[in-house]
Amino acid sequence: MANTFAFVESRGGELRRVGLEAVTAARQLADATGGGEVHALVIGAPGIAAKSEMIAAHGADVVDAVEHPGLALYSPEVVAATAAARIRAGTYRAAFFSASAQGRDLAPRVAAQLGVALGADITAFEASNDAMVVRHPMNTGKVIATLSITGTPVLLSLRPGAVTATRAPRTARTETIAPAMDPGSARVVPKELLAGNTAKLDLGEAPVIVSGGRGLRAPENFKLVEDLASAFGNAAVGATRAVTDDGWRPHTDQIGQTGRLVSPDLYVACGISGAIQHLAGMRTSKTIVAINKDREAPIFKIADYGVVGDVLEVLPVLTDAVRKAKQSH
Amino acid sequence: MKMAVCIKRAADMETRFKIAANGTSVDETGVKFDIADFDGFAVEAALQLKEKDGAGDVTVISLGPDAVQETLRKALSMGADKAVHLQADVVPADALAIARVLADELKGGGYDLVLFGRMAIDAANQSVGPMAAELLGLPCVSAVSQLTIANGRGTARRELEGAAEILEFPLPAVVTIDEGIARPRLPSLKGIMAAKKKPLEVKPAQVGASRVKITKMELPPERTGGRIIGEGPAAVPELVRLLQTEAKVL
Amino acid sequence: MTDFYAIDSALSEEERAVRDSVHRFVDERVLPIIGDCYVEGRFPRDLVPELASLGVFGANLPEEYGCAGLNNVSYGLIMQELERGDSGVRSFASVQGALVMYPIFAFGSDEQKRAYLPKMASGDIIGCFGLTEPDYGSNPAGMLTMARAQPDGSWVLNGAKMWITNGSTAQVAVVWAKTNGDTDERSIRGFVVPTNAPGFTARDQKGKLSLRASDTSELVLQDVHVPADAVLPKSAGLKSPLMCLTQARYGIAWGSVGAAMACYEEAVSYACNRVMFGKPIGAFQLQQARLAEMLTEIVKGQLLTLHLGRLKDAGTMTPQQVSLAKRNNVSMATDVAREARRLLGANGILAEYASMRHMANLESVYTYEGTHDVHTLVLGQAITGLNAFQ
């Protein structure tokens, strides 16, 4: 009967959904290996401890909260040292982190401090004898590796969305603990958090992504893409490398091999030809719609639904139809 | 500034990959290799820092079989000054094992800045850089999309989901480089010739135990696509119907 | 990239690196604009500084003159990759390197080499090669341009040259002229003429349907006065400009393979994507036959140039060997381009696709640097010992 650990990511005093996914994963593993305890850790500014209840509601038996004014922003050295110390103090089969931007910075640090292996960006996991067996996409998602990882604990970072955060209420012991090092002594100092347009859904979380490419012809025409995204209501706006390189959209909107990897329920590719490095970023989307005036465009080969036409003509009509469909819902 | 860039030789990601007969790796027949995408950004970032300073030294380091020497020479042809090949027949699947070999080499090198690509485009663990930093006891900022160095300190920007953060750190430090900082320059023909004369040291790598093993490698399920449902705005009603009834995403 | 016969494995790492760098340059900087340049009839002059930084000009000349000092196989690969982009771009590099820098290197004084070569390598000075005349193309021995020595050793040149690449943009022209009234070809010498010299005019030839992304000019020299040190001291007779042509033709043998590869790859991609009668057109026998033929000819062309390059590097290459390669490869490239154009169907007539542009360009390449027919007779004479030129 093994205990599992979950690091619960938060930002600006709020838990992030990926953090709860980590708790759910830990709960699943504990239940699958004899019903051990799930110990969770959350770190932030004073007040974060109030989130313990939410964490317990997702299956944690123990919730440790670290509250410190110097930890309002993610301070990598402090968080890593604290997580490592906490994990070292227990005996865990596995310790779950999120393979989010923060988690991909945090988990390797903790693994190195503990001298244990890390299975990063995993999409599935199970305990198998004395190993953890996980699945991990490689080569821009073109191959899927099954890895067997040994050691105690095994650190794992979960691809966002690989596990669905699920309520599994427990009566948890909660306590506030001190950070493992003084935040004031950290060498890497977080200075500022620049919130993006908070009305904008992040590409990694949006169920729908509407994306634009060169076929839009001019940066002003991205308005049509944004209009369609608004019509869906729960959509984020993405872009191809071609248009981000040209400065039509910020680099952070780029979906592709070296940009964002996304896996929404619906991906609408507008005026995008489908260069391989772009496909690498969105190939795993559940449903793909492509609108392009070139019937030969490679994007049509992977699109579930293709519309051959001028994106500037199709988008307004589609936006209108989506808006009406949503209203009548 | 004395800089080191750790680079990896990786396959061209435009390849249509096939699984090798052993079932645990990718078939390399006919596959083109080059400096892994993000590592190329890291080399370019280091070269730009050197040029901005007007002085400095860039050493590129790579772990792997003899074939990585060609990759190191590519970095030399871009403008790096010297190369170190840490010879090992196989690159382990365990990022910590890799980090330990690199840290051993970097330790004692007196580097002001050690750069990595954000992640190896093939293994996609995004772990080796921060792990190496921990082993070296150096401050580290990962996935840096903007970087300035001045007076022995660095300021870095990292992209988050729907946000960004700014951090400061002292040198010496480790950074891992994300897209957006720099596009790797084309090696000039003179650069290619000059690379042959630059020092490339080969050392056997002491690779320790690897606790990560690839037990299977497979292709993801084929996407079936190619269904054109109509032309122009006239196709919209049918598209909406399919999204509602078939795909159930509307 | 087309490497059906694993020719990459017969190249050194350096040769592959050179090829890859120029390949990437063409992909990123030439291909996006060249269709438009061709349609507009304009040479992409903005690319000259970048080509220079890349090190493409006079790439096989020594490092001491600011050149890359590459071997001849590397030089050939550069031409192959440039012409994969466009014959006009490769022509610019051929002229600058093989027809202007080379004669200065081979026949010039140390002062001339030092004055011109580094600046030509860096693209600061553009040159052109004045050999061909309105009435003397295939038969340069008959040229009329005459240089007369003056009492003080300086020269006065009179004559007209035609079909001169870079003529209107060059700062310097390497002009070949007979000397002192002697109409025998043995009196031909080379002169480095600044194009801003009084009496020198260059005018673009208009109305071209081929090599449109290239400047082609007429040169007129009317009592053009140049100093004594303008002559290329080691130039002596027609064989001097012919040696330059051998250099350029060597590059063209490689370049035409590049053009053929571009057309072939475009055809393959199109054949696999274009659907007609319910399947990609590449599934039909007639298209497969086209593609098989193209590939076969390209592979033969690749092997021809690779071996030729190794002979050149060993110092044993003969002009007749170059004639064979230029003749074969340009001819096969024109066929590949035409067949690719046809495979592309209606789309093949658009500038958005490369094949018809290559097809039109290659007609010039077939004709210049020794027409196909001239090279046929070169080979005939090499085989039989008998002169069939007249």
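This report covers a predicted model, from its chain contacts to its sheet and helix packing.

## Basis

Residues are numbered from 1 along each chain as its sequence is written, and chains are lettered from A and ligands numbered from 1 in the order in which they are written. In this predicted model, local features need pLDDT of at least 70 and side-chain atom pairs count only at pLDDT 80 or more, while totals for chains, interfaces and linings use all residues.

## Chain A meets chain B

72 residues of chain B are in contact with 76 residues of chain A. Contact means that the C-beta atoms of two residues, placed from the backbone, lie within 7 Å. On the chain B side, strand β9 (residues 163-170) gives the largest share, 8 residues. Strands (E, at least two residues) and helices (H or I, at least four) are DSSP runs, numbered from the N terminus. The chain B side divides into 42 nonpolar, 12 polar and 18 charged residues. Here Ala, Val, Leu, Ile, Met, Phe, Trp, Tyr, Cys and Pro count as nonpolar, Asp, Glu, Lys and Arg as charged, and the others, Gly among them, as polar.

β9(B) also pairs with strand β13 (residues 189-195) of chain A. The sense is antiparallel, over 6 bridges. Pairing requires at least two DSSP bridges between two strands. A:L194 stands opposite B:A164 in β9(B).

## Domains of chain A

Chain A is assigned domain 1 (3-185) and domain 2 (208-327). Such bounds come from an automatic or database domain assignment. The two domain centres, taken over C-alpha atoms, are 34 Å apart.

## The sheet of chain A

Chain A holds an open sheet of 7 strands with parallel pairing. The order is β7-β11-β6-β1-β4-β5-β12. β7 (118-122) and β12 (173-177) stand at the edges with a single partner strand each, so one side of each has no neighbour in the sheet. Neighbouring strands are turned by 20° against each other on average, direction ignored.

β7(A) and strand β11 (residues 154-158) of chain A run parallel, joined by 3 bridges. A:L118 has A:L155 in β11(A) as its bridge partner. Helix α4 (residues 103-114) of chain A packs on the sheet and touches β6, β7 and β11 of chain A. Its direction makes about 175° with that of β11(A). Angles run from 0 to 180 degrees between N-to-C directions, and axes are lines fitted to C-alpha atoms, for helices over the stretch in contact. Helix α1 (residues 17-32) of chain A lies across β1 (3-8), β4 (38-44), β6 (92-98) and β11 of chain A, at about 175° to β1(A).

## A helix pair in chain C

Helices α3 (residues 72-85) and α4 (residues 87-107) of chain C pack at about 145°, with axes 6 Å apart. The α3(C) residues are C:M79, C:L82, C:E83 and C:G85. They meet C:S87, C:V89, C:R90, C:A93 and C:S94 in α4(C). This contact divides into 4 nonpolar, 3 polar and 2 charged residues.
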